[in-house]
Amino acid sequence: MPLPVLRRVMAASIAAAGTLALSVTGSPARATTPLKYAALGDSYSAASGVLPVDLGNLLCLRSTANYPHVIAARTGARLTDVTCGAAQTKDFTQAQYPGVAPQVNAVAADTDLVTLTIGGNDNGTFINAMLACGTASVLSGGKGSPCKDKYGTSFDDAIDATTYPALRTALNSVRAKAPGARVAVLGYPWITPATADPACFAQLPIASGDVPYLHALQTHLNAVVARAAAETGSTYVDFAQASEGHDACKAPGTRWIEPLLFGRNIVPVHPNALGERRMAERTMSVLDLG
């Protein structure tokens with residue numbers, strides 16, 4: 001064989017061998033190591049009221065159908081789920097119940113992903129506002145804005161004064177444990193429509209003028225959560241548009257949040273299984289998790 005031809009054959013053989021080596025070693029392939037995923041947060045993360053219940057910790061009323069489990073199932077992530085109903089920001093760094101460790105204990109230096117909802121229970125914002133406005137609405141026959149008239153900016157003032165700095169502290173505690181992790185802070189999907197739906201009063205007994213008042217309160221809380229997320233290098237997952245038209249006044253199969261009365265969950269005014277799936281899908285989309 002002439003020398004030039006032999007050189008070309010040898011060069012082609014070496015190139016082919018290199019390609020084979022790459023395919024065997026898998027160098028160009030994507031890493032297959034599963035994400036190490038810690039799920040923190042309150043009842044919206046725990047899916048309190050959604051069946052089946054995680055029997056490992058009944059105090060937290062955690063569901064195995066919550067959005068962290070949906071994300072883990074769809075991505076193959078290794079999930080550590082410490083979400084807990086009624087959790088406040090302080091429960092990130094202290095025990096919420098005897099035997100329930102601070103939530104940041106689930107975060108390690110090699111954690112890849114952290115998700116959470118938190119802030120709605122600080123100051124009793126959600127439960128106090130719903131109970132106060134529900135009681136006032138019954139007494140007013142559903143007319144006017146008795147809750148707004150009585151409480152004014154007090155709920156909003158508490159969010160600014162105490163919830164916001166507490167959110168920053170909680171998120172910084174996560175960052176300190178896992179500075180390289182992606183931290184996704186989910187907003188709260190809409191509980192009420194923007195304006196009153198008279199047909200919804202039996203299920204969500206809020207006076208017509210107080211429906212936009214509560215909607216604005218939730219808008220404010222989500223804005224504060226988004227602000228704290230941005231200031232701590234976290235990703236905010238916004239549900240303002242995604243959950244529009246899926247509030248507690250909508251029909252089963254459409255609503256993501258169950259109403260106060262005659263709902264299908266054992267815990268009212270919380271996401272149902274559909275809502276948890278949609279929260280998972282929106283979070284995966286924002287984080288580009290596939």
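1. Tyr188 is buried in this predicted model, with a relative accessible area of 2%. Tyr44 is likewise buried, and its relative accessible area is also given as 2%. Both values fall in the buried class because that class takes residues under 20% relative accessible area.

2. A search of the whole structure for aromatic pairs returns 4. In one of them, the ring centres of Tyr44 and Tyr188 lie 5.2 Å apart with their planes at 80°, so the pair counts as edge-to-face. This pair links distant parts of the chain: Tyr44 belongs to helix 2 (residues 43–46), whereas Tyr188 sits in the loop between strand 4 (182–186) and helix 7, 144 residues apart. Ring pairs also bring in Phe126, which forms a cluster with Tyr44 and Tyr188.

3. The rings of Tyr151 and Phe155 have their centres 5.4 Å apart and their planes at 35°, so this pair is tilted. As to cover, Tyr151 is partly exposed at a relative accessible area of 28%, while Phe155 is buried at 11%.

4. The structure holds 1 cavity of 30 Å³ or more. The volume of the largest cavity is about 80 Å³. Its lining consists of Thr125, Phe126, Ala129, Met130, Ile191, Thr192, Leu214, Leu217 and Gln218. Helix 4 (125–140) and helix 7 (210–231) are the elements that each give two or more residues to this lining. The largest share, 4 residues, comes from helix 4.

5. Which classes of residue line the largest cavity? The lining has 6 nonpolar and 3 polar residues, and no charged residues.

6. For the protein chain as a whole, the secondary structure comes to 8 helices and 5 strands. From the N terminus on, the order of elements is α-β-α-α-β-β-α-α-α-β-α-β-α. Of the contacts between residues at least 6 apart in sequence, 71% join residues at least 24 apart. The Tyr44 and Tyr188 pair, 144 residues apart, also links distant parts of the chain.

7. Buried residues account for 47% of the 290 residues in the protein chain. The accessible surface of the chain is about 13400 Å², and carbon and sulfur atoms hold 61% of that surface.

Note on methods
Residues numbered from 1 in each chain as written. Predicted model: local features only at pLDDT ≥ 70, side-chain atom pairs only at ≥ 80, totals over all residues. Heavy atoms only, no water. 1 Å grid on protein atoms, 1.4 Å probe; cavity = no way out; pocket = protein on both sides within 12 Å on 5 of 7 lines; lining within 4 Å. Points joined across faces, edges and corners; volume = space filled by probe spheres on them. Nonpolar A, V, L, I, M, F, W, Y, C, P; charged D, E, K, R; others polar. Buried < 20%, exposed > 50% of the residue type's maximum accessible area, 1.4 Å probe, protein only. Contact = heavy atoms within 4.5 Å. Areas by Shrake-Rupley, 256 points an atom, 1.4 Å probe, with all protein chains shown as cover. Phe/Tyr/Trp six-rings, centres within 6.5 Å; stacked < 30°, edge-to-face > 60°.
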